[in-house]
Amino acid sequence: MNKDVIEVQVRAVLPLEGSFAVFLGNETKVFVIYIDESVGTAISMFMRGVSKERPLTHDLVGHLLLAFGARVERVVINNINGSVFHARLIISAENELQTTRKVIELDSRPSDSIAMAVQQGAPIFVAKAVWDSVEDVSDTLAQIEKKGLEAQQAADASAEEVDEEDDDIEEFSDEDINTIAGIEPGKGDEEYDDGFGGDDDDEEGEEWKKADG
């Protein structure tokens with residue numbers, strides 16, 4: 001692999017108002033690309049392994065590649081022009097109709113490239129010139145992760161309190177529960193009313209809420 005590129009991972013994908021922030025980096029540096037909402041949602045779903053009832057756009061592209069014996073080999077974020085990032089999607093194909101392996105390089109938005117890479121488990125690289133020019137936001141990501149952890153711990157503690165309350169309710173006898181709920185002894189569920197009734201081509205860049213070329 002060319003030494004003029006650095007391998008990175010998707011460190012986080014965070015929803016904003018009308019867009020998403022994708023944090024890319026390694027143990028030494030992290031930078032952020034702002035992308036449109038639809039692709040950000042797709043990347044987040046791929047990362048979390050969310051199943052879908054019907055294939056979405058990037059699912060369809062992945063299925064087409066598979067049908068022709070092709071796959072995403074790697075992604076390279078190769079240029080930045082002002083606040084707009086550019087990427088190359090490298091695809092390799094080899095099937096019974098070809099005697100040799102074919103490699104195709106396509107111009108692509110970083111957001112789409114990242115989505116396809118995450119979907120297919122392909123590596124993501126950044127050109128060293130781009131890597132050297134972007135701002136390191138490692139501290140920002142660490143603060144966001146800390147707040148997220150604290151929020152999760154608070155939610156877990158709240159859930160434990162609810163579970164304890166549920167355990168207390170389970171200690172009542174059926175007669176006690178009927179008395180509390182106002183159900184007369186001998187009446188069935190059908191006579192009890194619980195009171196609830198029935199039943200893209202935006203730009204992406206380092207500015208907030210911008211999209212990638």
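Reader: Which exposed residues are carried by the face of α2 turned away from its buried side?

Author: That face carries T57 and A67, both exposed. Exposed means over 50% relative accessible area, buried means under 20%, and partly exposed lies in between (1.4 Å probe, protein chains only). Helices (H or I, at least four residues) and strands (E, at least two) are DSSP runs numbered from the N terminus. The model is a predicted one, in which local features need pLDDT of at least 70 and side-chain atom pairs count only at pLDDT 80 or more, while totals for chains, interfaces and linings use all residues. Residues are numbered from 1 along each chain as its sequence is written, and side-chain values use heavy atoms, with hydrogens and water left out.

Reader: Which residues of α2 are buried?

Author: The buried residues in α2 are H58, D59, G62 and L65. These residues lie on the same side of α2, because they cover an arc of only 125° around the axis. The arc is taken from the directions that lead from the helix axis to the C-beta atoms. As a general idea, an α-helix has 3.6 residues a turn, so residues three or four places apart point the same way.

Reader: What follows α2?

Author: G69 follows α2, and its phi is positive, near 70°. F68 also belongs to the loop between α2 (57-67) and β4 (70-81). With a relative accessible area of 59%, F68 is exposed. Together with L60 and L64, F68 makes a nonpolar surface patch of about 330 Å². A patch is made of residues with over 30% relative accessible area and no salt bridge; like charges are joined within 9 Å, and nonpolar side chains (Val, Leu, Ile, Met, Phe, Trp, Tyr) within 5 Å. Accessible areas come from the Shrake-Rupley method with a 1.4 Å probe, and for residues only the protein chains shown count as cover.

Reader: How do the elements of the protein run from the N terminus on?

Author: They run β-β-β-α-α-β-β-β-α-β-α-α-α, which comes to six helices and seven strands. The protein has 213 residues, and 33% of them count as buried.

Reader: How many salt bridges does a search of the whole structure find?

Author: The search finds eight. A salt bridge is a side-chain nitrogen of Lys or Arg within 4 Å of a carboxyl oxygen of Asp or Glu. In one of them, R88 and D107 meet at 3.9 Å, N to O. This pair links distant parts of the chain, since R88 is in strand β5 and D107, 19 residues apart from it, is in strand β6 (residues 102-108). R88 is partly exposed at 23% relative accessibility, whereas D107 is exposed at 58%.

Reader: Which residue forms a salt bridge with K128?

Author: D132 does, with the closest N and O atoms 2.9 Å apart. D132 and K128 are separated by about one helical turn, because they are four residues apart in helix α4 (residues 128-133). Relative accessible area is 47% for D132, which is partly exposed, and 38% for K128, which also counts as partly exposed.

Reader: Which residues are linked in a network of salt bridges?

Author: The network links D36, R109 and D112. D36 lies in strand β3 (residues 30-36) and is buried, at a relative accessible area of 6%. The side chains of D36 and R109 are joined by a polar contact of 3.1 Å. A polar contact is a pair of N or O atoms within 3.5 Å; within protein, one must be able to donate a hydrogen and the other to accept it, and residues adjacent in sequence count only if both atoms are side-chain atoms.

Reader: Where is the place of D136?

Author: D136 is in the loop between α4 and α5 (138-170), and at 39% relative accessibility D136 is partly exposed. Leaving aside residues up to four places away in sequence, D136 touches T28, K29 and V30. D136 and K29 are 107 residues apart along the chain, yet their C-alpha atoms are separated by 5.6 Å. The side chain of D136 reaches the backbone nitrogen of V30 at 3.1 Å, and a polar contact of 2.6 Å joins it to the side chain of S138.

Definitions and conventions
Contact = heavy atoms within 4.5 Å.
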